[in-house]
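Let's take a walk through a protein chain together. Have a look at the model first, and then we'll pick out some side chains.

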Amino acid sequence: MAETNFVDYVKIYCRSGRGGAGASHFRREKYTPKGGPDGGNGGRGGDIYLRGNRNHWTLLALRYDRHIFATDGEHGSSNKSTGKDGEDVYIDVPLGTVCYNAVTGDFVCEVQEDGEEILLLKGGRGGLGNYNFATPTNQAPRYAQPGEPHQEMEVVLQLKLLADVGLVGFPNAGKSTLLSSISAARPKIADYPFTTLEPQLGIVEYRDGRSFVMADIPGIIEGAAEGRGLGLRFLRHIERNSALLFLVPADTDDIKKAYEILLSELERYNPELLDKNRILGVSKSDLIDEELEEMLKETLPRDLPCVFFSSVSGRGTTELKDLIWNSITVNNLHDVSPIVHQNMRLTLDGRAAEEDEEEFEARIEKEEGKDDEEA
């Protein structure tokens with residue numbers, strides 16, 4: 001699989017710092033007999049934080065820095081000197097990053113705001129020096145506390161893009177063409193399947209200076225839950241959307257059946273996606289005449305808004321934007337759509353639960369090689 005600068009999945013190992021040990025020391029000076037205990041406390045170990053950064057768009061930086069270590073606290077010393085604290089480490093991530101425990105798959109946290117800092121691993125506390133244990137009945141304690149151990153965890157960071165509406169459809173359904181026609185985004189457009197290999201965002205201008213964000217993800221096909229095509233690895237980017245726009249070309253044999261296939265693949269990925277507002281857009285309507293369009297309208301699902309449009313001629317795009325605006329404003333525009341954070345192992349993303357990103361890419365390359373040999 002070709003290298004790309006868009007990285008939305010990375011597994012990293014994090015370890016906080018150990019606490020420094022307290023010192024067991026007695027004051028020894030020429031003119032100070034029986035100086036008593038003066039062992040200092042150990043410094044605390046460094047913490048590890050996740051920090052939101054609006055200037056970051058992908059997790060590319062973490063692809064080449066997968067071991068994050070905070071420094072240990074220094075030991076205490078004589079004269080009641082406290083050891084130096086370990087330095088904290090801040091991992092800058094783009095907004096919309098979700099963190100999971102890589103071993104158990106459990107949800108840990110998510111970063112939604114710029115500058116937001118979330119404690120991921122806490123450093124160990126420093127041990128107390130022996131001067132803390134001096135009492136009238138125990139004036140010369142000869143023991144001190146060791147520092148607390150570090151914490152470590154292997155985590156998976158997944159980027160889930162923040163957008164108002166997400167495009168869902170088969171390859172060559174016209175998703176990228178629509179995004180390029182109503183926004184300033186310029187995704188790759190070609191007459192072969194899987195032209196879009198990574199998610200694209202576009203800001204769509206609406207009336208009275210208002211706008212909304214549209215996300216285009218690679219096309220999915222029937223059986224994507226089993227890993228066919230690009231699988232469902234990019235569907236995480238539409239989990240936050242307020243509305244989903246299903247695109248089906250007008251020249252499809254059965255529009256309703258195609259829509260139901262897409263819906264079933266989403267359900268297998270995450271049933272919570274079915275609770276979002278849905279719109280059915282019939283693209284490439286310039287390929288059919290008005291009489292055929294009226295006949296097709298009778299076969300469309302009755303339980304959701306539908307619109308025929310053409311990205312090339314611009315016909316129906318205004319009505320489409322009206323439907324999108326009405327759908328996303330129902331759930332408060334620009335508010336982050338809530339996500340039910342289920343266990344990562346239970347979420348199908350185009351690979352087996354125990355398969356990491358490198359294994360997934362290796363499997364895809366192997367399958368593509370088999371296809372080339374068969375061809």
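Start with Tyr143, which counts as partly exposed because its relative accessibility is 44%, between the cut-offs of 20% and 50%. Keep in mind that this is a predicted model. The ring of Tyr143 pairs with that of Phe133: the centres are 5.3 Å apart and the planes sit at 45°, a tilted arrangement. Both residues are in the loop between strand S7 and strand S8, 10 residues apart.

Now try another pair, Tyr206 and Trp325. Their ring centres lie 4.8 Å apart with 15° between the planes, so this pair is stacked. Tyr206 is in the loop between strands S10 and S11, while Trp325 belongs to helix H5, 119 residues away. Are these two buried or exposed? Tyr206 is buried, at 14% relative accessible area, and Trp325 is buried too, at 8%. In total, the chain has 7 aromatic pairs.

Let's step back for a moment. The chain has 6 helices and 14 strands, and 49% of its 375 residues count as buried.

So where do the nonpolar side chains gather? The largest nonpolar core has 27 residues, and Ile238, Phe246, Ile255, Leu266 and Leu280 touch the most other members. Strand S12, helix H3 and strand S13 each supply at least two of its residues, with H3 giving the most, 8 residues. There's also a second, separate core of 25 residues, including Val10 and Leu62. In general, nonpolar side chains tend to be buried together in soluble globular proteins.

Note on methods
Residues numbered from 1 in each chain as written. Predicted model: local features only at pLDDT ≥ 70, side-chain atom pairs only at ≥ 80, totals over all residues. Heavy atoms only, no water. Helix = DSSP H or I, 4+ residues; strand = E, 2+ residues; numbered from the N terminus. Buried < 20%, exposed > 50% of the residue type's maximum accessible area, 1.4 Å probe, protein only. Core = buried A, V, L, I, M, F, W, Y, C linked by side-chain atoms within 4.5 Å. Phe/Tyr/Trp six-rings, centres within 6.5 Å; stacked < 30°, edge-to-face > 60°.
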